[in-house]
Amino acid sequence: MTENEATVAAVDWEAYEREASAAVAAASGPTELEDARVGYLGRKSELAQALRGVRDRESGMLLNGIRERLEAAVTQRERTLEGEELDRRLREEIVDVTLPGERLPLGHLHPITQVRRIVEDAFLGLGYEIRDDREVETLEYNFDKLAFAPTHPARSPRDTFFFDESHVLRTETSPSQIHALEEHEPPIYMVSIGRVYRRDAITATRYPIFHQFEGLAVDEGITLADLKGTLLHVMRALYGPERRIRFRTHFFPFTEPSIEPDVSCGICDGAGCRTCKHTGWIEMGGAGVVDPQVFENVGVDPERWSGFAFGCGLERAAQLRHDIPDIRLLWEGDLRVLRQF
Ligand code: PHE
């Protein structure tokens, strides 16, 4: 008798099968089931060892029978456990596809961008081209070609940010007039919108960075009346259809005559209130008829062509549209403020 033959005889196989079946049936998860399988059917199990030593047909049939039944029981138990696991997950991991999704907070356009778009739309409607020019300018484009006198105070580093002797952060969008005139033959209808820079202390009404929209129309027979009508169109787009426009004389180096357009105050409708400083009017910027000197500086014939130009602040427009008392609120990025517009 070999050692294995001895094992076959020494074990109560009926009890072995009972015990094994019970362990398989009791396994409450895949790990326990695997433990039972390895213990009763694995290579080192008593059954496997005994099977290796089987010499006679009878013990072979007995042990193989046990093995097959146990294997079937393991497979069966595996399926049951998988089914239970699936049921559990279906129960616990319920996804209700009919629930409304979580709303992500959507941002919105900054008030300056909003008025910028209103201005762009108003001028696109009139057939104007929208330009976007450089913010770093040469003295030539920021001052010389716009006919600023050599002694004009804006040329001083006290008023203007200089990079070096010949470059500044543009102090207005007016250099765009020169670029447009140099790039196209008239007729020209363009609006340039963007940032400008001045060495001002920050206060409720001034900020060293701000935005302007600049317009230039050059054609045959253009007059101040065209300017008035054009500005009225934009002011009504910005502030409503009831607005009126008036002109006050002024001075700019590159327009002659120069004017400052005012728009009637929408808060008091011209009667006078705090916003319009009790005048009934609100100042919009600068404008005028293009000075012949500017045309000569860019090689356009002032005998044939005439035009008007204007420049207005976008911050001013946003403040008036929304009654924002302090320009700093537009630059601080405080969402409690910006969410209101
Ligand atoms: N550039 C002038 C300013 O910033 C405004 C202006 C533009 C005046 C065009 C006349 C013509 O004050």
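Me: Which strand is P257 found in?
Reply: Quick note before we start: this is a predicted model. A cis peptide bond joins E256 and P257, with omega at about 0°. As for where that proline sits, P257 is in residues 255-264, which is strand β8.

Me: And where is P187 placed?
Reply: Here you get a cis peptide bond between P186 and P187, omega again being about 0°. P187 has its place in the loop between α8 (175-183) and β5 (188-197).

Me: What's phi at H278?
Reply: Find H278 in the loop between β8 and β9 (281-283). Most residues other than glycine have a negative phi. H278 isn't a glycine, yet its phi is positive, near 60°.

Me: Are α2 and α5 roughly parallel or roughly antiparallel?
Reply: Two packed helices are described by the angle between their axes and the distance between the axes. For α2 (residues 13-26) and α5 (residues 57-92), the axes are 9 Å apart and the angle is about 10°. Angles under 35 degrees count as roughly parallel. That makes this pair roughly parallel.

Me: How many nonpolar residues are in the contact of α2 with α5?
Reply: On the α2 side, the residues include W13, Y16 and V24, and they meet a set in α5 that includes L62, I66 and R77. Split by class, the contact has three charged residues and one polar one, and the nonpolar count is 11.

Me: Which residue has a side-chain N or O atom 2.6 Å from a nitrogen atom of the ligand?
Reply: There are 14 residues around the ligand, and the nearest are E172, S174, R198, Q212 and G311. The side chain of S174 has an N or O atom 2.9 Å from a ligand nitrogen, while for R198 the 2.9 Å distance runs to a ligand oxygen. The 2.6 Å one belongs to E172.

Me: How much of the ligand's accessible area does the protein cover?
Reply: On its own, the ligand has 320 Å² of accessible area. The shell around the ligand divides into three charged, six polar and five nonpolar residues. The protein's cover comes to 91%.

Me: Which element gives the largest share of the shell around the ligand?
Reply: Two or more residues each come from β6 (209-219), β10 (285-290) and β11 (306-313). The largest share is three residues, and it comes from β11.

Definitions and conventions:
Residues are numbered from 1 along each chain as its sequence is written. This is a predicted model: local features need pLDDT of at least 70, side-chain atom pairs count only at pLDDT 80 or more; totals for chains, interfaces and linings use all residues. Side-chain values use heavy atoms; hydrogens and water are left out. Axes are lines fitted to C-alpha atoms, for helices over the stretch in contact, and angles run from 0 to 180 degrees between N-to-C directions. Helices (H or I, at least four residues) and strands (E, at least two) are DSSP runs, numbered from the N terminus. Angles under 35 degrees count as roughly parallel, over 145 as roughly antiparallel, 65 to 115 as roughly perpendicular and the rest as oblique. Contact means heavy atoms within 4.5 Å. Ala, Val, Leu, Ile, Met, Phe, Trp, Tyr, Cys and Pro count as nonpolar, Asp, Glu, Lys and Arg as charged, and the others, Gly among them, as polar. A residue is near a molecule or strand if one of its heavy atoms lies within 4 Å of it. A polar contact is a pair of N or O atoms within 3.5 Å; within protein, one must be able to donate a hydrogen and the other to accept it, and residues adjacent in sequence count only if both atoms are side-chain atoms. Accessible areas come from the Shrake-Rupley method with a 1.4 Å probe; for residues, only the protein chains shown count as cover.
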